[in-house]
Amino acid sequence: PQQQGTRWLKSRVGEALHIIQFTTPRWLEKVVYCVRNGSELLIEAVGSEIDAVLDPVLSRAILKRGRQGTVLRLGGDEIEYDEKFQLYLQTKLQNPHYKPELAAQCTIINFIVTPSGLE
């Protein structure tokens with residue numbers, strides 16, 4: 001059941017969806033690429049802790065830089081931020097508990113089917 005949300009997202013976005021895991025080599029470079037180009041990014045198999053380097057992305061710590069546009073400080077560098085960028089996090093944990101700050105910054109959707117949900 002944990003994969004049904006991922007399948008739905010893949011069918012909704014299609015081939016434009018970039019998919020990585022925190023175990024993927026050079027995963028941060030892929031995040032930077034997606035932020036710069038306004039791509040949709042899915043990070044799969046997220047555990048109970050999310051890497052702190054993603055905090056600026058999750059909190060949308062976007063800075064205006066004059067007429068040049070917007071930038072985001074990620075991994076110690078300032079990178080151009082495309083407003084079309086979207087980030088999706090997927091976990092295989094049955095009942096994940098994240099810090100309240102994360103829950104306030106994100107929309108959490110639980111795709112688990114329960115007997116009461118089927119009534």
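**Close-up views of a predicted model**

View A. Helix α2 lies across β4 and β5, and its direction makes about 40° with that of β5. The structure shown is a predicted model. Helix α2, which spans residues 27-37, also lies across β1 and β2, where it runs at about 155° to β1.

**View B. The antiparallel sheet β3-β4-β5.** Three strands make up an open sheet in the order β3-β4-β5, with antiparallel pairing. Strands β3 (62-64) and β5 (77-80) are the edge strands; each has a single partner strand, so one side of each is left without a neighbour in the sheet. From one strand to the next, the twist averages 40°. Between β3 and β4 (residues 70-74), the antiparallel pairing extends over 3 bridges. Within this pairing, Ile62 is placed opposite Leu72 of β4.

**View C. The parallel sheet β1-β2-β6.** A further open sheet contains 3 strands in the order β1-β2-β6, and its pairing is parallel. Its edges are formed by β1 (17-21) and β6 (86-89), which have a single partner strand each, so one side of each lacks a neighbour in the sheet. Ignoring direction, neighbouring strands of this sheet are turned by 20° against each other on average. Strand β1 is joined by 5 bridges to β2 (residues 40-44), and these two strands run parallel. Ile19 has Leu42 of β2 as its bridge partner. Helix α1 (residues 4-13) packs on this sheet and touches β1, β2 and β6, with its direction at about 160° to that of β2.

View D. Thr6 is a residue of helix α1. Thr6 has a relative accessibility of 3% and therefore counts as buried, the limit being under 20%. Leaving aside residues up to four places away in sequence, Thr6 touches Leu42, Glu44 and Gln90. Of these contacts, Leu42 is also the bridge partner of Ile19.

**View E. The largest pocket.** The volume of the largest pocket is about 1100 Å³. Its lining comprises 39 residues, of which Tyr88, Leu89, Thr107, Ile108 and Ile109 are the closest to the centre. Two or more lining residues come from each of the elements α1, α3 (55-58), β6 and α4 (100-105). Helix α1 contributes the most to this lining, with 5 residues. Sorted by class, the lining of the largest pocket holds 25 nonpolar, 12 polar and 2 charged residues.

**View F. The second largest pocket.** A volume of about 200 Å³ is found for the second largest pocket. Its lining consists of Ser48, Glu49, Ile50, Ala52, Asp55, Leu58, Tyr98, Lys99, Glu101, Leu102 and Gln105. Helices α3 and α4 each provide at least two of the lining residues, and α4 gives the largest share, 3 residues. By class, the lining of the second largest pocket has 5 nonpolar, 2 polar and 4 charged residues. Both α3 and α4 also give two or more residues to the lining of the largest pocket.

How values were computed. Residues numbered from 1 in each chain as written. Predicted model: local features only at pLDDT ≥ 70, side-chain atom pairs only at ≥ 80, totals over all residues. Heavy atoms only, no water. Pairing = 2+ DSSP bridges. Helix = DSSP H or I, 4+ residues; strand = E, 2+ residues; numbered from the N terminus. Axes fitted to C-alpha atoms, helices over the stretch in contact; angles between N-to-C directions. Contact = heavy atoms within 4.5 Å. Buried < 20%, exposed > 50% of the residue type's maximum accessible area, 1.4 Å probe, protein only. 1 Å grid on protein atoms, 1.4 Å probe; cavity = no way out; pocket = protein on both sides within 12 Å on 5 of 7 lines; lining within 4 Å. Points joined across faces, edges and corners; volume = space filled by probe spheres on them. Nonpolar A, V, L, I, M, F, W, Y, C, P; charged D, E, K, R; others polar.
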